[in-house]
Amino acid sequence: PSESFVVGLIEGVEAVLKRAETDFDSCLASSFVHGQLLAIRYVIQDVPFPRGVKGPRRRARAERWQALLQRLCALLRQVTTLALRHMGTTDFSHTPEGALAATQRNLPE
């Protein structure tokens with residue numbers, strides 16, 4: 001995969017994340033970033049990371065990929081933080097998992 005393709009995927013996730021900061025519900029309605037994150041997962045596993053970097057061109061390429069991976073890790077932390085912030089609500093009645101938990105709380109013992 002090309003670096004520019006990965007950059008495009010990362011920029012797509014960043015754009016959705018920025019929108020999600022102000023309108024999380026609409027991002028959920030449009031699948032948030034699941035597709036882009038899944039694509040990144042499959043693309044990253046096919047990156048031919050250089051071993052024993054020799055020469056300035058290979059070193060520069062390795063440094064660019066390292067910067068992309070650092071950017072991706074930071075982005076994943078942001079996505080996780082945002083998702084957990086919204087999952088921390090006490091009203092889960094609108095989610096299937098929340099509905100099940102609410103049902104179980106109301107069961108007689």
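Biologist: With which residues is Glu21 in contact, leaving aside its neighbours within four places in sequence?

Modeller: In this predicted model, Glu21 is in contact with Leu82 and Arg85, once those neighbours are set aside. The word contact is used because heavy atoms of the residues lie within 4.5 Å. Glu21 belongs to helix α1.

Biologist: Why is Glu21 called partly exposed?

Modeller: The relative accessible area of Glu21 is 44%. Buried requires a value under 20% and exposed a value over 50%. The value for Glu21 falls in between, so the residue is called partly exposed.

Biologist: What makes Val13 count as buried?

Modeller: Val13 has a relative accessibility of 0%. This value is under the 20% limit, so Val13 counts as buried. Val13 also lies in helix α1. Not counting residues up to four places away in sequence, Val13 touches Val33, Gln36, Leu37, Ile40, Leu75 and Val79.

Biologist: Which other residues of α1 are buried?

Modeller: Besides Val13, the buried residues of α1 are Glu3, Val6, Leu9, Ile10, Gly12, Val16, Leu17 and Ala20. The cover over the buried residues of α1 includes α2, α3 and α4.

Biologist: Which residues touch the most other members of the largest nonpolar core?

Modeller: That core has 20 residues, and Val6, Ile10, Val13, Ile40, Ile44 and Trp65 touch the most other members. Two or more residues come from each of α1 (3-22), α2 (24-29), α3 (34-44) and α4 (56-87). The largest share, 7 residues, is given by α1.

Biologist: What does Trp65 touch, not counting residues up to four places away in sequence?

Modeller: Trp65 touches Pro1, Ser2, Glu3, Val6, Ile44, Val47 and Phe49. Trp65 is also one of the buried residues of α4, together with Leu68, Leu72, Leu75, Val79 and Leu82. What covers the buried residues of α4 includes α1, α2 and α3.

Biologist: Which residues of α3 are buried, and how do you know on which side of α3 they are?

Modeller: In α3 the buried residues are Ile40, Val43 and Ile44. They cover an arc of only 90 degrees around the axis, so they are on the same side of α3. These buried residues pack against α1 and α4.

Biologist: Why is the pair of Arg64 and Glu3 called a salt bridge?

Modeller: The closest N and O atoms of Arg64 and Glu3 are 2.8 Å apart. The limit is 4 Å between a side-chain nitrogen of Lys or Arg and a carboxyl oxygen of Asp or Glu, so the pair qualifies. Arg64 is in helix α4 and Glu3 in helix α1, 61 residues apart, and the pair links distant parts of the chain. At 41% relative accessibility, Arg64 counts as partly exposed.

Biologist: What makes Arg71 and Glu14 a salt bridge?

Modeller: Their closest N and O atoms are 2.9 Å apart, which means that they too lie within the 4 Å limit. Arg71 lies in helix α4 and Glu14 in helix α1, so the pair ties together parts that are 57 residues apart in sequence. Arg71 has a relative accessible area of 30% and is partly exposed; Glu14 is partly exposed as well, with 30%. A search of the whole structure finds 2 salt bridges. In general, side chains of opposite charge can pair when their charged atoms come close.

Biologist: What pattern does the protein follow along its sequence?

Modeller: The pattern is α-α-α-α-α, with 5 helices and 0 strands. Of the 109 residues in the protein, 22% are buried.

Conventions: Residues numbered from 1 in each chain as written. Predicted model: local features only at pLDDT ≥ 70, side-chain atom pairs only at ≥ 80, totals over all residues. Heavy atoms only, no water. Core = buried A, V, L, I, M, F, W, Y, C linked by side-chain atoms within 4.5 Å. Buried < 20%, exposed > 50% of the residue type's maximum accessible area, 1.4 Å probe, protein only. Helix = DSSP H or I, 4+ residues; strand = E, 2+ residues; numbered from the N terminus. Arc of directions from axis to C-beta.
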